Amino acid sequence: MFAGKAAKIELREFELYYGDFRVLKKVSAAFAANAVTAIIGPSGCGKSTLLRSINRMNDLIEGVRVTGEIRLDGKNIYDPDVDLIWLRARIGMVFQRPVAFPLSIFDNVAAAPRVRGILSHKELVPIVETSLKAVGLWPEVKDRLGQAASSLSLGDQQKLSIARAIATQPDVVLFDEPCSALDPIATHTIEDLMQSLSEHYTIIIVTHNMQQAARASDFTMFMLDGNIVEYSPTRELFTNPKDTRTENYITGKLG
Amino acid sequence: MRNKEKLVEILLTLIGLSSVTVLGLIILFIFKEGLPAFAQVGLWQFVTGTRWSPGKNLLGILPMIAGSFVVTAGALVVGLPLGLGCAIYLSEFATAKTAAILKPTIELLAGIPSVVFGFIGLTLMVPFIRNFFGGPGFSVLASALVLGIMILPTMVSVSYDALRAVPPVYREGMLALGSTDWQAVKMVVLPAARPGILAAAILAMGRAIGETMAVIMVAGNSTIIPTSFLDPVRTLTSNIALEMGYATGLHRQALFATGVVLFVIISILNLTARVVVRGKTR
């Protein structure tokens with residue numbers, strides 16, 4: 001299905017419980033390297049939970065329990081010997097609302113390398129510059145790196161969040177509904193950006209916006225009630241859905 | 001109906017104004033009673049004079065000004081790190097259950113009468129300081145320790161609220177970068193909460209500089225400028241409280257003038273602090 005692309009992440013009978021409630025039900029699937037994969041589905045289908053299982057952000061929630069495996073390059077990230085700091089350095093995350101820390105533009109991006117102990121200004125400067133260039137924000141902010149990040153527009157703040165996520169040089173970047181707080185123009189730039197970033201990174205995006213999935217992704221996964229209903233190349237899923245539930249959802253009869 | 005509405009409005013306005021009026025009257029009264037002393041002693045002489053001996057008409061309050069400053073600074077040195085550390089623990093590291101027990105306990109400290117703090121200082125700290133560090137025990141150090149504990153509730157609860165007001169997405173964003181909890185606190189949560197923490201420090205400072213009874217009981221109250229932390233000290237508030245009972249004439253006016261000086265100092269500190277806080281918020 002990945003047309004020659006390698007699988008970067010693989011879920012094996014992965015289940016997640018909030019207390020007694022089973023949110024994800026024996027999910028098995030793989031995510032292709034250097035591609036954009038979209039996860040769509042109605043609210044509460046478990047798509048965000050699945051995304052947050054991949055960098056173990058769900059660990060922060062009390063009462064969460066998992067079974068099964070999620071493998072990153074063959075290594076189960078739920079093994080007891082996995083270092084969360086290592087894991088989250090390899091898997092970056094961009095949130096629904098842009099996270100502009102109350103710091104300068106420079107310090108917002110530099111927070112990522114600083115977390116891993118890179119503290120000297122000399123080493124930080126090239127990292128910040130490369131990251132801001134990769135998201136296309138550099139020309140705009142290069143003369144005002146010392147200004148507060150909150151002075152940027154929401155769209156630019158989201159680009160800044162992406163720059164910070166890739167400043168740790170991850171392999172994978174997770175996007176959790178990254179455009180839901182943005183206007184249509186900013187949304188398009190972020191979608192283009194995800195496409196261009198997929199040259200170097202494995203990108204997984206959760207979205208409730210089907211047009212976004214259709215426009216910006218190479219593969220699409222449709223989820224319902226904690227199960228994967230259909231998962232195929234994006235064009236195929238949208239033009240020729242095999243499951244009637246998928247068809248109902250993408251034509252607006254469901255969800 | 002409309003008349004009733006109007007009446008309520010007027011009534012509430014009057015009530016609102018009355019508190020301002022009371023403040024205005026207090027200021028007016030202190031200044032009226034105190035200003036003659038400035039006129040007679042001379043403002044500069046009064047503020048910079050190093051001898052306070054009302055019997056000989058020597059009325060200089062520099063020792064008390066110095067005393068108030070050094071005792072307040074000492075209290076902040078003790079209380080700020082303790083209070084902030086406690087607030088960080090409660091807000092960022094303690095489980096909900098622990099915080100639910102600890103926070104009300106700390107706030108209970110605020111309900112203990114200051115004379116009790118003074119009594120504890122007098123019976124525990126003063127002898128301890130006398131035995132282990134020397135000097136009379138009644139000292140800047142004893143006052144700073146007692147006041148440092150007394151400002152804890154203010155410091156803890158105001159900075160705790162500031163920390164809780166930091167959007168959770170900041171912490172999440174940091175943890176997603178692979179930060180430890182402490183890195184998230186240090187790099188993002190504390191900078192975000194800084195204006196609130198400064199406000200906590202200001203309130204705590206106001207509490208320390210205004211406290212009277214507890215300080216009287218442990219400070220020793222001699223009218224000399226302290227040169228060591230083990231020296232006895234008298235604050236502006238203590239000066240008024242200790243002597244007002246028997247003072248007459250110029251002496252009495254000088255005590256009111258002490259109040260004027262205290263009022264001006266507190267106003268300046270508050271104003272500076274407010275400007276600082278506003279500057280940091282921007």
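## Strands β1 and β2 of chain A

Strand β1 (residues 7-18) of chain A pairs with β2(A) in the antiparallel sense over eight bridges. Strands (E, at least two residues) and helices (H or I, at least four) are DSSP runs, numbered from the N terminus. Two strands count as paired if DSSP finds at least two bridges between them. The bridge partner of A:Tyr18 is A:Phe21 in β2(A).

The model is predicted, so local features need pLDDT of at least 70 and side-chain atom pairs count only at pLDDT 80 or more, whereas totals for chains, interfaces and linings use all residues. Residues are numbered from 1 along each chain as its sequence is written, and chains are lettered from A and ligands numbered from 1 in the order in which they are written.

## The open sheet of chain A

An open sheet of four strands in chain A has the order β2-β1-β4-β5, with antiparallel pairing. β2 (21-32) and β5 (75-76) of chain A are at the edges and have a single partner strand each, so one side of each lacks a neighbour in the sheet. Strands of a sheet pair through backbone hydrogen bonds, either parallel or antiparallel.

## Strand β3 of chain A

Strand β3 (residues 36-40) of chain A is mostly covered, with five of its five residues buried. A residue is buried if 20 or more other C-beta atoms lie within 10 Å of its own, exposed if 12 or fewer, and partly exposed in between, with C-beta atoms placed from the backbone. A:Val36, A:Ala38 and A:Ile40 point one way from β3(A), A:Thr37 and A:Ile39 point the other way, and all are buried. In a regular strand the side chains alternate between the two faces of the sheet.

β3(A) has parallel pairings with two strands that follow here. With strand β8 (residues 202-206) of chain A, β3(A) pairs in the parallel sense over four bridges, and A:Ile39 stands opposite A:Val206 in β8(A). Four bridges also join β3(A) to strand β9 (residues 219-224) of chain A, and these two run parallel. A:Thr37 stands opposite A:Phe219 in β9(A).

## Contact between the chains

The contact takes 20 residues from chain A and 14 residues from chain B. Two residues are in contact if their C-beta atoms, placed from the backbone, lie within 7 Å. On the side of chain B that touches chain A, α8 (168-176) and α9 (181-210) of chain B each supply at least two residues. The largest share of that side, six residues, comes from α8(B). By class, the side of chain B that touches chain A has 10 nonpolar, four polar and no charged residues. Ala, Val, Leu, Ile, Met, Phe, Trp, Tyr, Cys and Pro count as nonpolar, Asp, Glu, Lys and Arg as charged, and the others, Gly among them, as polar.

The buried residues of α8(B) are B:Tyr170, B:Arg171, B:Gly173, B:Met174, B:Leu175 and B:Ala176. They pack against α2 (84-90), β6 (91-94) and α3 (105-115) of chain A, together with α9 of chain B. Just after α8(B), B:Gly178 takes a positive phi of about 90°.

## Helix packing around α3 of chain B

Helix α3 (residues 62-93) and helix α6 (residues 140-150) of chain B have axes that come within 7 Å and cross at roughly 50°. Axes are lines fitted to C-alpha atoms, for helices over the stretch in contact, and angles run from 0 to 180 degrees between N-to-C directions. Angles under 35 degrees count as roughly parallel, over 145 as roughly antiparallel, 65 to 115 as roughly perpendicular and the rest as oblique. The crossing of α3(B) and α6(B) is right-handed; a crossing is right-handed if the near helix is turned clockwise from the far one by less than a right angle, and left-handed if anticlockwise. The residues of this contact divide into nine nonpolar, four polar and no charged.

α3(B) also packs with α9(B), at an angle of about 140° and with the axes 9 Å apart. That angle makes α3(B) oblique to α9(B). α3(B) passes α9(B) in a right-handed crossing. The contact of α3(B) with α9(B) has 14 nonpolar, four polar and two charged residues.

A:Glu177 has a positive phi of about 45° although it is not a glycine. A:Glu177 is found in the loop between β7 (172-176) and α7 (184-197) of chain A, and is partly exposed, with 19 other C-beta atoms within 10 Å.
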